[in-house]
Amino acid sequence: MKHLTVMIKPASSLCDMHCSYCFYNDVAASRHKASLGLMSRETAAAMLKNIFCELEPGDHITFAFQGGEPGLAGLEFFSYFADEAKKLASPAVKIHYAFQTNGLMIDEDWCRFFKAYKFLIGLSLDGDAALHNRNRRDNQGKGTFGAVMKAKRLLDRFKVDYNILCVLTSENARRAHKIWDFILREEIRYIQFIPCLEPLDGQAPTALTSEKFYRFYSDIFLRWKKEADKGNLVVVRLFEDLAALLLAGRPVTCGLSGGCKPQIIVEADGLVYPCDFYVLDKYLAGDLTKHTVREIFDALVKSTFLEESRQMRTYPHPQCMDCSHNSWCRGGCKRMAQAVYGEKCGMRLFLDEHLNELLSIYRRCM
């Protein structure tokens, strides 16, 4: 049984917002062509054909849509995509959908569609209005908190499954108490904090540092533990992933246990890249409209990108040498080196202080 995930960018780097820290805008700007426009139905159909021809009864396939803002491809495109996938899939192949969005386009029609096809939505929301509007503005420079909260209310009303995605900047990392109060007030059940990264070539004032990563998660952990002790287990993605990895031996987040693994990231023209952080010309791995998913995967395994990752794991960061977590962490994700690991590894500081208690809580809840 195979569990395959294909991440698709149907609107390339196009977006109806102008977030100050957008990592994909930075990635796109580093390519020969920043935006590849909107994915056509012809591209989608060819891509789906080359995926489903390799799947067998009992296999699972997850289509995860990201951007830019994937909603710009239009509801009609996604309806076509889901219908075409259903036609091509064997009844014994299980199809899953995920969709990461800024929420500006979400209305009742979108919610009905998401519910019908059981989409899992990742809704970007950086906390309360002051925290969110600091960096997440529309193309006219206006804050988007009100529009995102409206989308959240609609998802709740239509009972669409969703997670909150909060970008952890150098600024809001100092506001753990405000973010946690917001989580409880809005009855958020699942949240992922995404480290704000430095540009590929340069620095940014919003970028997270490893020290702030540690301080934020240490503060959040104490508040999370207090709620867990009362029977209110809010799912914080990092905590959940650590428990899955260390208690069940199930790696979830790429990079958490060191090294890079082959991923299938598809741009709007069908071209494939090995990592969402490195959708760059030099790492082009193939064309999913012309090659089967197995051929693409074989190319990814042999790619320059993975070879670079293997070499990096051979020579870990100096601070890894005497770290008690190095046997499974192995230096973590290379793109997050400064934001999470850094010179004074924020992950190590957090794990040394809180890991045993975190795992104890999960053992109790399992």
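In the predicted model, Glu227 touches Trp180, Leu184 and Asn232, leaving aside residues up to four places away in sequence. Glu227 is found in helix α8, which covers residues 210-229. With a relative accessible area of 11%, Glu227 is buried, because a residue counts as buried under 20%. One of its contact partners, Leu184, is 43 residues away along the chain, and the C-alpha atoms of Glu227 and Leu184 are separated by 9.5 Å.

Two packed helices are described by the angle between their axes and the distance between the axes. The axes of α7 and α8 come within 9 Å and cross at roughly 35°, and the crossing is right-handed.

The strands of the model form an open sheet of 10 members, in the order β7-β6-β5-β4-β3-β2-β1-β8-β9-β10, with mixed pairing. Its edge strands are β7 (235-236) and β10 (286-287), each of which pairs on one side only. Strands of a sheet pair through backbone hydrogen bonds, either parallel or antiparallel. Strand β1 (residues 3-8) and strand β2 (residues 60-65) run parallel and are joined by six bridges. Within this pair, Met7 stands opposite Ala64 in β2. Strand β2 also pairs with strand β3 (residues 94-101), again in the parallel sense and over six bridges. Here Ile61 stands opposite Ile95 in β3. Helix α3 (residues 75-88) forms a right-handed β-α-β unit together with β2 and β3.

A search of the whole structure finds 23 salt bridges. In one of them, Lys2 is paired with Asp59, and the closest N and O atoms are 2.8 Å apart. This pair links distant parts of the chain, 57 residues apart: Lys2 lies in the segment before β1, and Asp59 in the loop between α2 (41-52) and β2. Lys2 is partly exposed, at a relative accessible area of 30%, whereas Asp59 is buried, at 2% relative accessibility.

A salt bridge also forms between Arg294 and Glu54, with 3.1 Å between the closest N and O atoms. Arg294 lies in helix α10 (residues 293-301) and Glu54 in the loop between α2 and β2, so the pair ties together parts that are 240 residues apart in sequence. Arg294 counts as partly exposed at 44% relative accessibility, while Glu54 counts as buried at 16%.

The side chains of Glu186 and Lys152 meet in a further salt bridge, at 3.9 Å from N to O. Because Glu186 lies in the loop between α7 (176-185) and β6 (190-195) and Lys152 in helix α6 (residues 145-157), the pair ties together parts that are 34 residues apart in sequence. Glu186 is buried, with a relative accessible area of 16%, and Lys152 also counts as buried, at 2% relative accessibility. Elsewhere, salt bridges that share partners join Glu108, Asp109, Arg112 and Arg157 into one network.

Another buried glutamate is Glu267, with a relative accessible area of 0%. Glu267 lies in the loop between β8 (264-266) and β9 (271-273). Leaving aside residues up to four places away in sequence, Glu267 touches Lys9, Ser12, Ser13, Tyr24, Arg31, Leu36, Met39, Tyr273 and Val279.

Methods: Residues numbered from 1 in each chain as written. Predicted model: local features only at pLDDT ≥ 70, side-chain atom pairs only at ≥ 80, totals over all residues. Heavy atoms only, no water. Pairing = 2+ DSSP bridges. Helix = DSSP H or I, 4+ residues; strand = E, 2+ residues; numbered from the N terminus. Right-handed = clockwise from strand over helix to strand, strands pointing away. Buried < 20%, exposed > 50% of the residue type's maximum accessible area, 1.4 Å probe, protein only. Contact = heavy atoms within 4.5 Å. Salt bridge = Lys/Arg side-chain N within 4 Å of Asp/Glu carboxyl O. Axes fitted to C-alpha atoms, helices over the stretch in contact; angles between N-to-C directions. Left-handed = near helix turned anticlockwise from the far one by under 90°.
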